[in-house]
Amino acid sequence: MTSHLDTIRRVGASRTKGTDATSRGKRKRPRPNPFIGLSHLALVVWALLVIIPIAWTLLASFKTNSEIFSDPWTLPHHWGVASWGRAWQKARIGRYMLNTIFIVGVSTFGTMLLGSMAAYVLARYKFPGNRFIYLMFISGMTFPVFLALVPLFFIVKNLGMLGTYQGMILVYIAYSLPFTIFFLAAFFKTLPSSVAEAAAIDGCGHARTFFRIMLPMAKPGLVSITIFNVIGQWNQYLLPIVLLPGDAQDKWVITQGVAGISTSAGYDADWPGLFAALSMAIIPVVIVYIIFQRQIQSGLTAGAVK
């Protein structure tokens, strides 16, 4: 009796497998989408357009002037770092990099502190003028920087902050707040209200609820926007060149230092030093993005899903 039951089970299992195989064979295979191939091709082309100039700049920093102009697409014959030393000391890139780290660090901290508080209030509290204040902040994203350079110069000068770290930091914070508030306000809206209500029942005030509960919950969005602000402020050129004139050269940032080297490169004929300075300005940003790319992606996706 047992053998007959086993036989029936085996036959049924074989028939089931055959039916599954037949149904899988009858399924229509997805048709190839030509747009997917075109999008991949476009990404490859875009990656090459970005990677090749950076790689060429890095290789040129190890060459001599004759190698750069005679064999621009070949590897250096001698991998010397003398140009990096000249750029660091003679061109004062080390000083400019330290200035940039200080200015960007303080301004990013101020931007994230003020921007997160403003975005939290605008996203979680309803009061008269809420929408108007939010739109006023967002309108700053549509205002080109170069249109405000002249009035900004006179405002900072009248405040006695022209050519100072304080003036640069305040301006960086002001120009970074619109995008920060726009991004974080949308992120704070996705956080559950039940957590804030539970904190209020436990006796937490508004400030304690924000700093101890809501701010840690918004960590993915904070990390993403912090990196965006660091990269944007690090690459800023128009604002420093207006607010840090030539008599404040000791406070120049790295973009001004690289521009100064490129101006004098035609006279000094130190093109390897110029490319070494460019590499010093590019490498920190690339390293920051490589290290935190997962946090950037997770922060962007977390803010888009409620």
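A residue is called buried when its relative accessible area is under 20%, exposed when that value is over 50%, and partly exposed in between, with a 1.4 Å probe and protein chains only. M117 illustrates the middle class, since its relative accessibility of 30% makes M117 partly exposed. The structure discussed here is a predicted model, in which local features need pLDDT of at least 70 and side-chain atom pairs count only at pLDDT 80 or more, while totals for chains, interfaces and linings use all residues. Residues are numbered from 1 along each chain as its sequence is written, and side-chain values use heavy atoms, with hydrogens and water left out.

The protein contains 14 helices and 0 strands, where helices (H or I, at least four residues) and strands (E, at least two) are DSSP runs numbered from the N terminus. Along the sequence, the pattern accordingly reads α-α-α-α-α-α-α-α-α-α-α-α-α-α. Of the 306 residues in the protein, 34% are buried. The accessible surface amounts to about 19100 Å², and carbon and sulfur atoms account for 69% of that area; such areas come from the Shrake-Rupley method with a 1.4 Å probe, and for residues only the protein chains shown count as cover. Contact here means heavy atoms within 4.5 Å. Among contacts between residues at least 6 apart in sequence, 74% join residues at least 24 apart.

Leaving aside neighbours within four places in sequence, I103 is in contact with Y165, M168, I169, Y172, K251 and V253.

V106 lies in helix α5 (residues 93–124) and is partly exposed, with a relative accessible area of 35%. The C-alpha atoms of V106 and I169 are 7.0 Å apart in space, although 63 residues separate the two in sequence. L243, in helix α12 (residues 238–243), is buried at 2% relative accessibility. Beyond neighbours within four places in sequence, the contacts of L243 are L152, F153, V156, L162, G163, M168 and V171. L243 and Y165 are 78 residues apart along the chain, with 9.6 Å between their C-alpha atoms.

I138 belongs to helix α6 (residues 130–139) and is buried, with a relative accessible area of 17%. With neighbours within four places in sequence set aside, I138 is in contact with P178 and F182. The C-alpha atoms of I138 and F179 are 7.1 Å apart, across 41 residues of sequence.

Apart from neighbours within four places in sequence, M117 is in contact with F210 and F211. The C-alpha atoms of M117 and L215 are separated by 9.2 Å, with the two residues 98 apart along the chain.

Helix α10 (residues 206–217) and helix α11 (residues 219–234) pack at an angle of about 70°, with their axes 5 Å apart. Axes are lines fitted to C-alpha atoms, for helices over the stretch in contact, and angles run from 0 to 180 degrees between N-to-C directions. α10 and α11 are therefore roughly perpendicular, given that angles under 35 degrees count as roughly parallel, over 145 as roughly antiparallel, 65 to 115 as roughly perpendicular and the rest as oblique. L215, P216 and M217 of α10 meet K219, P220 and L222 of α11 in this contact. The contact residues comprise 5 nonpolar, no polar and 1 charged, where Ala, Val, Leu, Ile, Met, Phe, Trp, Tyr, Cys and Pro count as nonpolar, Asp, Glu, Lys and Arg as charged, and the others, Gly among them, as polar.
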